[in-house]
Amino acid sequence: LFSKGSAMSATHPARAYNLFEFVKGLALSITNTVYVPYLVTLGLSYADVARLNAFFWGMIVVAELPTGMWADGKSRLWSIRVGMAFATVSAFAYAFVQGFWGALICELLMGIAFAFLSGAQQAWIVDALDHIGEGHRRRAVVGRSAMLRGLGVIVGGLAGAFIGAHNPRLAWIAEGVFSLCGLAVAWFCMRDQGEPLHRVSEKEALHKSIALLRLHPGLTWAVAAAMLYGLVLPFNHYWTPFFAARIGQTALGYLWVPMYLALASAGALVRSERVVFHGVSGVTLALFLAGSSL
């Protein structure tokens, strides 16, 4: 979890960020293989699962703007901590939920968590490295953290499949515990090195973001693509009941590994210094690799 050549201090931003990404990836992937089977045991239909995910993604879209303004205007680290706090509460609440409406509340809480985390952690590490004179290590640190996050996701998915085979509620409790660990890392290991030197108000941050979108049309298309991904999300979960009936709940963990590796390969190629992407061809190739996991 240590960055090569970094200081061994617990406050070194690269080390703290790598640890946070690993724990967060582990926490938020534990329930990937038990999510739909668990909801079915609560009496929800597959249509209800799609509705829940529509509300989940809708909450992210609605909350993305104000949470981003708070992260820029108030504090990025504060935003990260609040996001992990919401994730922790949502996971623990999901372990004891009953019915559609209880699940919906948990989904909305998790959507708020994702919105608080979105962008804030990446902005934090970029500025933190710049502030300590290690901006040249940005690509290496981000690439290493992506690998650690991927490792956490694989371990979490495998562990969740085994836990869920015995008791799916325990998988949600495990997610809550590791989310709490992620909050602890953000609280005790991550410092204010990643805050901007010249802080702006929430309103000014919004105006600057809009101006940047107008200046770079490619960013506008990227935002549109991210929002359209919400149409894919409701269908991503149906692989678990489909295969659970054929290979069993425990074996879903072994299926999760190649599925996620196919998805992660797209990010690995984008981050690779040996591969140079040019415009549409690079984006298309990355999307093809990501989609192959489906």
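**View 1. A nonpolar patch on the surface of the predicted model.** Seven names make up this view: Val61, Leu212, Leu213, Leu215, Leu219, Val223 and Met227 form a nonpolar surface patch with about 580 Å² of accessible area together. Helix H9 (202-215) and helix H10 (217-228) are the elements that each give two or more residues to the nonpolar patch. Patches take residues with over 30% relative accessible area and no salt bridge; like charges are joined within 9 Å, nonpolar side chains (Val, Leu, Ile, Met, Phe, Trp, Tyr) within 5 Å. A salt bridge puts a side-chain nitrogen of Lys or Arg within 4 Å of a carboxyl oxygen of Asp or Glu. Accessible areas use the Shrake-Rupley method and a 1.4 Å probe; for residues, only the protein chains shown count as cover.

**View 2. Leu215 in helix H9.** Leu215 counts as exposed because its relative accessibility is 60%. Exposed means over 50% relative accessible area, buried under 20%, partly exposed in between (1.4 Å probe, protein chains only).

**View 3. Ser145 in helix H7 (residues 138-166).** Ser145 has 1% relative accessibility, so Ser145 counts as buried. Beyond its neighbours within four places in sequence, Ser145 is in contact (heavy atoms within 4.5 Å) with Tyr17, Asn18 and Glu21.

**View 4. The chain as a whole.** The chain has 13 helices and zero strands. Helices (H or I, at least four residues) and strands (E, at least two) are DSSP runs, numbered from the N terminus. Of the 294 residues, 44% are buried.

**Notes.** Residues are numbered from 1 along each chain as its sequence is written. In this predicted model, local features need pLDDT of at least 70, side-chain atom pairs count only at pLDDT 80 or more, and totals for chains, interfaces and linings use all residues; side-chain values use heavy atoms, without hydrogens and water.
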